[in-house]
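These are my notebook entries on a structure that I had not looked at before. I wrote down what I looked up, in the order in which I went through it.

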Amino acid sequence: MKQLGMLLAAVALAAAAWWWFTTEMPRRERERQAAAEAAAIQAERANALYRWRDDAGNLQVTEEPPKGRRYERISRAPQDGMAVDGAK
């Protein structure tokens, strides 16, 4: 009788491990991946400035993009190195 109880416990443990590795682990990986993507988007937005021109043609640089206008997103972090344009 004791061996039957041990066998049932082993089968239950194997079933629980199977469920964990086929259901729970992929779900947690998807959650981690979604959180990492959201953090990357938030970090990119935190590092961005927006350059655009107002109605008078004046250049504006703001932390929020303007509504209803064309703008260019620029990075706050300077680029490494030095850019040389020989066409000018």
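Predicted model: local features only at pLDDT ≥ 70, side-chain atom pairs only at ≥ 80, totals over all residues.

Residues are numbered from 1 along each chain as its sequence is written, and side-chain values use heavy atoms, with hydrogens and water left out.

**Entry 1: the helix and its salt bridges**

I took a salt bridge to be a side-chain nitrogen of Lys or Arg within 4 Å of a carboxyl oxygen of Asp or Glu. The structure holds four of these salt bridges, and I followed some of them up. Helices and strands in my notes are DSSP runs numbered from the N terminus, a helix being H or I with at least four residues and a strand being E with at least two.

E29 joins its side chain to that of R32 in a salt bridge of 3.0 Å, N to O. The two residues are three apart in helix 1, so about one helical turn separates E29 and R32.

I then looked up E31, whose side chain meets that of R27 in a salt bridge of 2.6 Å, N to O. Here the spacing is four residues in helix 1, which again means about one helical turn between E31 and R27. E31 counts as partly exposed at 44% relative accessibility, and R27 is partly exposed as well, with 31%.

**Entry 2: a nonpolar patch**

Which residues make the nonpolar surface patch? I found M1, L4, L7, L8 and V11, and together they make a patch of about 580 Å². Patches are made of residues with over 30% relative accessible area and no salt bridge, where like charges are joined within 9 Å and nonpolar side chains (Val, Leu, Ile, Met, Phe, Trp, Tyr) within 5 Å. The accessible areas come from the Shrake-Rupley method with a 1.4 Å probe, and for residues only the protein chains shown count as cover. L7 lies in helix 1, which covers residues 2-46, and L7 is exposed, with a relative accessible area of 52%.

**Entry 3: the sheet**

I counted two strands as paired if DSSP finds at least two bridges between them. Three strands form an open sheet in the order 2-1-3, with antiparallel pairing. Strand 2 (59-62) and strand 3 (72-75) are the edge strands, each pairing on one side only.

Strand 1 (residues 48-53) is joined to strand 3 by four bridges, and the two run antiparallel. Strand 1 is also joined to strand 2 by four bridges, again antiparallel. Where does R51 find its partners? R51 stands opposite E72 in strand 3, while its bridge partner in strand 2 is V61. I also noted that R53 stands opposite L59 in strand 2, and that Y50 has R73 as its bridge partner in strand 3.

Strand 1 and strand 2 form a hairpin with five residues between them, and G57 in the turn has a positive phi of about 90 degrees.

The side chains of D55 and R69 meet in a salt bridge of 2.4 Å, N to O. D55 is in the loop between strand 1 and strand 2 and R69 in the loop between strand 2 and strand 3, so this pair ties together parts that are 14 residues apart in sequence. D55 is exposed, with a relative accessible area of 72%, whereas R69 counts as partly exposed at 30%.

Last, I looked for aromatic pairs, meaning rings of Phe, Tyr and Trp (its six-membered ring) whose centres lie within 6.5 Å, with planes under 30 degrees apart counted as stacked, over 60 as edge-to-face and the rest as tilted. The structure holds one aromatic pair. The ring centres of Y50 and Y71 are 5.3 Å apart and their planes stand at 80 degrees, so the pair is edge-to-face. Y50 lies in strand 1 and Y71 in the loop between strand 2 and strand 3, so the pair ties together parts that are 21 residues apart in sequence. Is Y50 buried or exposed? Y50 is buried, with a relative accessible area of 7%, whereas Y71 is partly exposed, with 42%.

Technical notes: Buried < 20%, exposed > 50% of the residue type's maximum accessible area, 1.4 Å probe, protein only.
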